[in-house]
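Hi,

Here is the structure I promised to pass on. Have a look at it first, and then read my notes on the aromatic rings below.

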Amino acid sequence: MKAQFQSALIIVMAGCFLNWGSGVAVAADGSPQGLKKVAIAYSSISPNQAPAWAAYETGIFRKYGLDVQLIFVESGSRTVQTLVSGDVVAAEVAGAGVIQSNLQGSGVVLIAGFLNTLDYKFMVSRDITRPDQLKGKAVAVSRVGSSSDFATRYALEKYGLVPDKDVAILQIGTQPARFAALEAGKINGVMVSIPVTAKATKLGFNTLADLQMLGLEYQHSALAVSQNLIKTQPDLVRNILKAHVEAIQYMKTHRKETIAILNKYLKTDDTDALQEAYDAEIQALIPQKPYPTLKGIQIILRELGAKDAVARAARPEQFVDLTFMKELDSSGFIDRLYKPGAVAKASPSQEPAPVQVATKEKSSQAENKAKPVAGEKSISGSKAVVASADKASATPAKSTQAASSTGQAYTIKAGDTLSRLSEHFYNSADKWPKIYEANRDTVKNPNYIYIGQKLIIPPDERAGT
């Protein structure tokens, strides 16, 4: 009997040593001990959902005591419903869906913002080079009221086209489905985000608008939880946010590993697309300190307020809870993550593959009458692109320039704004009115220039150029 007890003790101790070595205690049924089982949802196959993917794949969730099951729920509205029902404790989801749900009394709020602008490009069929050529044609969105729907209507209105009248808007579903419809010739235009933009360009589709040129703040993707969870389990909320914030740091400092994660979830081996996804979204757009954008939420409320009096009376602050973000920021938690050697290596996830839940979307109509951040003037020139006169640090794309006695000739390229041109030619973004005044005959609105437009860059007398 004593020998049996000693043998059993040795086996138990051996098991403990093995589990200590792996960093994870395991119960008799194989489940991790000391970790809280939770489900977290994400709502699209897009790089802006990558914080959850990275936290899952690298074991960062486990570092903060979370045994996470990642669940893909197709469409933002359905994702919010899973959050409201309690099927998941948190969700990476479009801000618009959370705001609509909150207005209906769900108590769902945003605690972080991952993409605080629109990363869409409006790609159109190869025979379309001007906005007016979309008249009588059809474009696709995921569903009415979604971010892709907002972006599409926003762009069409800037071009002087009336959505649903001049241009038919079809609800097709996910981004891959929408792009497939464009490839098949069933539609003539679609908003696509990184990295599908790289594929679209390779296939010869034209870019009619790059919405990042608008300088538009919009709560595109965010992390949402219920107010009830905040009240009853604040430590859980805090750990979920910590894991996401550390995952952002991991992605920004581990290029190769992050591209491998993107490759897995985006399901593409297109090197150019993966590089674009990493550079243009992970590095450039997702902030180190992911605060939601109150200005971007106000724009969504303005859209919803066209039909909803409750939305018109609402304030952006009621849709966010910044308690945890401010805590992580003020405590130095985020800053410490970016100090060399400050982050302990997380254990790779040993969990099952994420569960995919495909569901049908519920349509909710929301007119888009937002007061634009940039100008309102419609453009009928070749390959029109909206642009903003807001300040920007980037230099303009290279262009054919010719010196003249009155200034230099310049052809607008994608990404240009008058501020960027001013910064490039005058070393000051504040001198953009000089360019505007010199081109008043062709530039009717300084916030709305388009690709291929010819400008004269006058000399900067004060600088002696």
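A residue counts as buried when its relative accessible area is under 20%. Tyr-218 comes out at 2%, so Tyr-218 is buried. Phe-150 has a relative accessible area of 3%, so Phe-150 is buried too. Keep in mind that this is a predicted model.

Now for the ring pairs. Two rings pair if their centres lie within 6.5 Å, and planes under 30 degrees apart count as stacked. By that rule there are nine aromatic pairs. One of them joins Tyr-42 and Phe-72: the ring centres are 5.4 Å apart and the planes sit at 25°, so this pair is stacked. Tyr-42 belongs to strand β1 (residues 36–42) and Phe-72 to strand β2 (residues 66–73), so the contact ties together parts that are 30 residues apart in sequence. Both Tyr-42 and Phe-72 are buried.

Then there's Phe-150 with Tyr-218, another stacked pair, at 4.5 Å centre to centre with 15° between the planes. This one links distant parts of the chain: Phe-150 is in helix α6 (residues 147–158) and Tyr-218 is in strand β10 (residues 217–226), 68 residues apart.

Back to Tyr-42 and Phe-72 for a moment: which cluster are they part of? Ring pairs link Tyr-42 and Phe-72 with Trp-53 and Tyr-265.

One last thing to look at, this time with a charge involved: Arg-126 lies over the face of Phe-205, 4.2 Å from the ring centre.

Cheers

Terms used: Residues are numbered from 1 along each chain as its sequence is written. This is a predicted model: local features need pLDDT of at least 70, side-chain atom pairs count only at pLDDT 80 or more; totals for chains, interfaces and linings use all residues. Side-chain values use heavy atoms; hydrogens and water are left out. Rings of Phe, Tyr and Trp (its six-membered ring) pair if their centres lie within 6.5 Å; planes under 30 degrees apart count as stacked, over 60 as edge-to-face and the rest as tilted. Helices (H or I, at least four residues) and strands (E, at least two) are DSSP runs, numbered from the N terminus. Buried means under 20% relative accessible area, exposed over 50%, partly exposed in between (1.4 Å probe, protein chains only). A charge sits over a ring if NZ of Lys or CZ of Arg is within 6 Å of the ring centre and within 35 degrees of the ring normal.
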